[in-house]
Amino acid sequence: MCQHDLHQFLCALPKVEQHIHLEGSLEPSLVFELAKRNNTPLPTDDPAYRDIDSLSARYRKFTSLDDFLHYYFINMGTLIHEVDFEDLAYRYFQKAHSQRVIHAEVFFDPQAHTSRGVEFSTIVNGFKKARQRAKEEFGLTSGLIVCLLRHIPPADCHKAYIQARPYLDSGEVTGLGLSSTELGNPPHLFKSSYDDAKAAGFRLTAHAGEEADVSYMRSAVEDLHCTRIDHGIKLPEDPDLLSQFAKERILVTLCPLSNVELRCVKSVSELPIRQYLQSGVPLSINSDDPAYFGGYIQENYCAVQEAFQLSVNDWQGIVQGSIELSWCGQERKEEMSKKLAGAMEICVQ
Ligand SMILES: Nc1ncnc2[nH]cnc12
Ligand SMILES: [Zn+2]
């Protein structure tokens with residue numbers, strides 16, 4: 001298949017997204033819209049907030065994860081009411097559906113909202129409405145993953161986890177994750193929350209090996225018992241751990257454009273994607289914070305294709321692996337596998 005046809009194939013391919021922060025899909029236009037609607041002031045001392053174009057232009061100059069997080073946390077201060085969270089999530093699902101996402105496991109950061117006086121239930125109820133609409137209108141299924149903010153002391157994160165726990169029982173939340181400033185906040189510090197979450201039945205993941213070294217990935221697996229690692233680009237630093245990921249089918253949720261925009265790598269071609277494919281490390285390709293990094297899932301697929309010239313078989317394997325390692329029921333997995341097989345038949349004729 002020529003590269004032009006392969007591009008068409010990637011557009012048509014059914015996709016699963018497993019690393020997307022709903023607050024990271026807050027587009028500059030919606031930031032300004034919500035700030036007006038909710039009367040929440042934006043900074044007046046930063047020229048980036050002059051208008052939508054200035055804010056978008058500032059995003060192209062991120063110097064690090066923390067430089068991005070500064071804007072990410074300011075912007076989500078415009079989310080106040082249930083309908084704001086619904087609008088945010090619904091717009092993401094619409095866009096994802098337009099790029100043929102059939103299932104999405106989405107993060108959110110409750111502490112960034114409850115610390116401003118927004119109730120946990122306001123957030124989850126808004127997301128619930130959007131998720132129901134996405135399922136009814138597009139057939140797009142989803143799961144919610146609560147992220148603990150690791151720059152906040154572990155004891156306070158534990159309180160946030162305790163707030164989230166009843167939502168696992170009601171089926172609203174599926175998983176627990178760990179995000180925000182990685183360097184200096186290693187996974188093992190959050191062990192007591194993760195131990196409790198494992199016993200309660202949460203699925204477990206953590207951001208690790210994004211800016212920090214592979215020891216953070218090892219800690220997430222050994223100390224927190226994560227079955228999935230977000231980013232995880234440092235695995236080649238520890239060949240034994242790499243073999244363990246392949247053997248135990250621990251998924252790495254890669255976000256190529258994010259890694260370039262946040263200066264973790266100079267270009268997508270530096271990412272260890274070939275090595276992971278050759279060693280059997282399961283991976284998925286995702287957008288992370290699409291409103292900030294210049295693309296949603298499709299643009300990330302295309303960036304990987306441009307850098308690595310993968311084959312149709314490689315892509316089929318990537319999507320099939322992400323279906324198998326999704327945190328949804330067996331029946332839904334089988335439905336998605338059938339959808340993938342059907343798309344392959346049409347595309348590869
Ligand atoms: N790339 C990222 N790393 C850590 N925390 C995040 N929160 C949102 N995006 C993130
Ligand atoms: Zn992330």
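Predicted model: local features only at pLDDT ≥ 70, side-chain atom pairs only at ≥ 80, totals over all residues.
1. A word on names to start: helices are DSSP runs of H or I with at least four residues, numbered from the N terminus.

2. Is Arg-263 buried or partly exposed? A residue needs 20 or more other C-beta atoms within 10 Å to be buried, and 12 or fewer to be exposed. Arg-263 has 14 within 10 Å, so it is partly exposed.

3. Two further residues have a positive phi. Arg-100, in the loop between α5 and β2 (101-108), has a phi near 65°. With 18 other C-beta atoms within 10 Å, Arg-100 is partly exposed. Asn-39, which follows α2, has a positive phi near 55°.

4. Now to strand β4 (residues 175-179), where 5 of the 5 residues are buried. In a regular strand the side chains alternate between the two faces of the sheet. In β4, Gly-175, Gly-177 and Ser-179 point one way, while Leu-176 and Leu-178 point the other way. Both sets are buried.

5. What are the partners of β4? On one hand there is strand β3 (residues 141-149), which runs parallel to β4 and is joined to it by 5 bridges. Within this pairing, Cys-147 has Gly-177 of β4 as its bridge partner. Strand β5 (residues 203-208) also runs parallel to β4, with 2 bridges between them. There, Arg-203 of β5 is the bridge partner of Gly-175.

6. Which hand does the unit of β3, helix α8 (residues 154-169) and β4 have? This β-α-β unit is right-handed. The chain then goes from β4 through helix α9 (residues 191-200) to β5, again in a right-handed β-α-β crossover.

7. While you are at α9, have a look at Asp-196, which sits in that helix. Asp-196 counts as partly exposed because it has 15 C-beta neighbours inside 10 Å. From Asp-196 to Ala-212 there are 16 residues in sequence, and the C-alpha to C-alpha distance is 25 Å.

8. Helix α2 (residues 28-38) has Pro-28, Leu-30, Val-31 and Leu-34 as its buried residues. These residues lie on the same side of α2, because they cover an arc of only 155° around the axis. They pack against α3 (52-59), α4 (65-75) and α5 (82-98).

9. Helix α4 shows a similar arrangement in its own list. Its buried residues are Leu-65, Phe-68, Tyr-71, Tyr-72 and Asn-75. Their arc around the axis is only 135°, so they are on the same side of α4. The cover over these buried residues includes α2.

10. Finally, the ligand. Around ligand 1 are His-21, Gly-24, Leu-65, Tyr-72, Ser-179, Ser-180, His-207, Glu-210, Ser-258, Asp-288 and Asp-289. How many of them are nonpolar, polar and charged? The shell has 2 nonpolar, 6 polar and 3 charged residues. Some of these names have come up above: Leu-65 and Tyr-72 are among the buried residues of α4, and Ser-179 is a buried residue of β4.

Notes. Residues numbered from 1 in each chain as written. Chains lettered and ligands numbered in written order. Pairing = 2+ DSSP bridges. Right-handed = clockwise from strand over helix to strand, strands pointing away. Arc of directions from axis to C-beta. Contact = placed C-beta atoms within 7 Å. Near = placed C-beta within 6 Å. Nonpolar A, V, L, I, M, F, W, Y, C, P; charged D, E, K, R; others polar.
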